[in-house]
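Please look over the model shown here with its sequence alongside. The report after it is arranged by topic.

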Amino acid sequence: MNGQHGTILFYSEASDPSWPTELEKAFPTFAIRTRPEDTDPGDVVAAIVWKYPAGMLQQRMTEYVLLHSLALHRRLPELRNAQSEKTWRYLHPRPPADTCVGIMGLGVLGRSCAAALAGVGFNVIGWSRSHKSNIAVHTYNGAADLEEFKRRADIIVLLLPLTSATENLIDSHFLAGVRDGAALINVGRGALIVEDALIAALDAERLRHAILDVFRAEPLPAEHAFWSHPKITITPHNSSATNPATALGQIVENLRRAMAGEKLLHPVDRVIGY
């Protein structure tokens, strides 16, 4: 893209602050702007955005899922509660093979998590909307397989995108069919879960614990019931973040393709939402 000019708009309130600098290095003939209000739309040749305001237009995930799956498997939430009560509570350790981890969403991240979990000995299964091939764990797909998937999983990991089909998927009906005493990890999207239904399932001991990294409103409001619930662990949407060192090359290549009228890498299907 040497010799080409124009403006590249970068907008994200939550990403690595080095992004604009790295973009300037990668696109020396382009102006890099971070404030939409100071940018002439007619000059913009590309916009790189994350959680942009309405109308304005990774891979640390695996270690996060592995970390919290191991914590749930070894019953760390229960041990933490016992410590707060100054109670010596012995919980006999079991091998990972005794725990079935079910991953909902088998894209790149889901496959990576499945491989890592299987690598330490967990019994891993997966579920996706449509059939996926070349996956080294037992998989289920579609609505017809969902009930069997839920009955098997001791830990359910949500890695689904937010679409019209997945919004509010984890509701009272879904949770009524999970295995007694199952646990939940949500690193997908906050709106996958109906919040009142999740709290009810935890209070009824249908679920024993939930690890939540994503929420409908972020930052999570101080008055939200999740903060004080003894069976919920909250992390501040830090399961993963896009790293300029690993992502910049793909952005550069896609911008080159766009300007040359070539097919883009990894396009999003606007109909299905991912």
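## Basis of the model

This is a predicted model, in which local features need pLDDT of at least 70 and side-chain atom pairs count only at pLDDT 80 or more, while totals for chains, interfaces and linings use all residues. Residues are numbered from 1 along each chain as its sequence is written, and side-chain values use heavy atoms, with hydrogens and water left out.

## The nonpolar cores

The largest nonpolar core holds 32 residues, of which M104, I156, L198 and L207 touch the most other members. A nonpolar core is here a set of buried Ala, Val, Leu, Ile, Met, Phe, Trp, Tyr and Cys residues joined through side-chain atoms within 4.5 Å; buried stands for under 20% relative accessible area, exposed for over 50%, and partly exposed for what lies in between, with a 1.4 Å probe and protein chains only. At least two residues of this core come from each of strand 4 (100-104), strand 5 (123-128), helix 5 (142-152), strand 7 (155-158), helix 6 (172-176), strand 8 (182-186), helix 7 (195-203) and strand 9 (207-212). Helices (H or I, at least four residues) and strands (E, at least two) are DSSP runs numbered from the N terminus. Helix 7 provides the largest share of the core, five residues. Another core, of 21 residues, lies apart from it and includes A114, L159, A183 and I185.

## Helix 7 and its surroundings

Within helix 7, the residues A197, L198, I199, A201 and L202 are buried, and the buried residues of this helix pack against helix 6, strand 8, strand 9 and strand 10. In general, an α-helix has 3.6 residues a turn, so residues three or four places apart point the same way. When neighbours within four places in sequence are left aside, L198 is in contact (heavy atoms within 4.5 Å) with L175, L184, I193, L207, A210, L212 and F226. Helix 7 is followed by E205, which has a positive phi near 65°.

## Cysteines

A disulfide is taken as a pair of cysteine sulfur atoms within 2.5 Å, and a search of the whole structure finds zero of them. C100 is in no disulfide, and the nearest cysteine sulfur, that of C113, is 15 Å away. C100 is buried, with a relative accessible area of 4%, and C113, at 1% relative accessibility, also counts as buried.

## A pocket and a cavity

The second largest pocket has a volume of about 190 Å³, and of the 13 residues that line it, E78, N81, R89, R208 and K231 are the closest to its centre. On a 1 Å grid over the protein atoms alone, a pocket is an open set of points with protein on both sides within 12 Å along at least five of seven lines, a cavity is a set of points where a 1.4 Å probe fits but cannot get out, and lining residues have an atom within 4 Å of a point. Grid points are joined across faces, edges and corners, and a volume is the space filled by probe spheres set on the points. Helix 3 (76-84) and strand 9 each supply at least two residues of the lining of this pocket, with helix 3 giving the most, four residues. The lining of the second largest pocket divides into four nonpolar, three polar and six charged residues, where Ala, Val, Leu, Ile, Met, Phe, Trp, Tyr, Cys and Pro count as nonpolar, Asp, Glu, Lys and Arg as charged, and the others, Gly among them, as polar.

The largest cavity contains about 40 Å³ of space and is lined by N186, G190, I193, E195, L212, V214, F215, R216 and F226. Its lining divides into five nonpolar, two polar and two charged residues.

## Backbone details in the loops

Most residues other than glycine have a negative phi, and most peptide bonds are trans. The peptide bond from E218 to P219 is cis, with omega near -5°, and P219 lies in the loop between strand 9 and strand 10 (232-234).

R75, in the loop between helix 2 (61-73) and helix 3, has a positive phi near 60° and is partly exposed, with a relative accessible area of 31%. N134, in the loop between strand 5 and strand 6 (138-141), has a positive phi of about 60° although it is not a glycine, and at 76% relative accessibility N134 counts as exposed.
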